[in-house]
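Thanks for coming. Please have a look at the structure on the screen, and then I will go through some of its features.

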Amino acid sequence: MYDKVCKNCGTYLSDFYETGLVGCEKCYEVFKDEIENAVKEIQFGDMHTGKVPPFSSEEKSLLIRYERLFKEKENAVMEGRFSDVRAISEELIALKEKLEEKGLI
Ligand SMILES: [Zn+2]
């Protein structure tokens with residue numbers, strides 16, 4: 001399988017898909033398209049197609065929070081606030097684990 005890699009820090013695209021995390025600021029250039037697509041999938045994915053059963057309000061708020069954090073992370077990246085990016089990423093991982101536990105993503 002084709003796998004892009006960030007030459008700066010050695011993070012693979014598959015690592016990004018696995019964790020939602022990148023290793024350094026260069027990753028955002030290397031994986032730019034994939035990161036954008038990942039954001040779009042979260043915003044316009046199954047959540048809005050009506051293919052899945054309705055979520056409980058708790059599940060919904062988790063998903064919304066996940067979506068928001070993703071956007072926040074993007075903004076932090078654009079603005080070069082890499083310590084924020086790190087903090088947001090950690091929160092995203094915790095949230096992702098919860099969502100995966102519930103089978104939402
Ligand atoms: Zn990198």
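Take the contacts in the chain between residues at least 6 apart in sequence: 46% of them join residues at least 24 apart. Contact here means heavy atoms within 4.5 Å. This is a predicted model, where local features need pLDDT of at least 70 and side-chain atom pairs count only at pLDDT 80 or more, while totals for chains, interfaces and linings use all residues. Residues are numbered from 1 along each chain as its sequence is written, and side-chain values use heavy atoms, with hydrogens and water left out.

Next, the elements. The chain has five helices and zero strands, in the order α-α-α-α-α from the N terminus on. Helices (H or I, at least four residues) and strands (E, at least two) are DSSP runs, numbered from the N terminus.

As for burial, 33% of the 105 residues of the chain count as buried. Buried means under 20% relative accessible area, exposed over 50%, and partly exposed in between, with a 1.4 Å probe and protein chains only.

E29 counts as exposed because its relative accessible area is 57%. E29 and C6 are 23 residues apart in sequence, and their C-alpha atoms are 8.8 Å apart in space.

Now the rings. The structure holds two aromatic pairs. One of them is F16 with Y17, a tilted pair at 5.7 Å centre to centre and 45° between the planes. Rings of Phe, Tyr and Trp (its six-membered ring) pair if their centres lie within 6.5 Å; planes under 30 degrees apart are stacked, over 60 edge-to-face, and the rest tilted. F16 has 3% relative accessibility, so F16 counts as buried, whereas Y17, at 48%, is partly exposed.

What lines the largest cavity? The residues are T19, G20, L21, Y66, F70, S89, L92, I93 and K96. A cavity is a set of points on a 1 Å grid over the protein atoms alone where a 1.4 Å probe fits but cannot get out; lining residues have an atom within 4 Å of a point. Helices α4 (57-78) and α5 (82-101) each supply at least two lining residues, and α5 gives the most, with four.

Notes: 1 Å grid on protein atoms, 1.4 Å probe; cavity = no way out; pocket = protein on both sides within 12 Å on 5 of 7 lines; lining within 4 Å.
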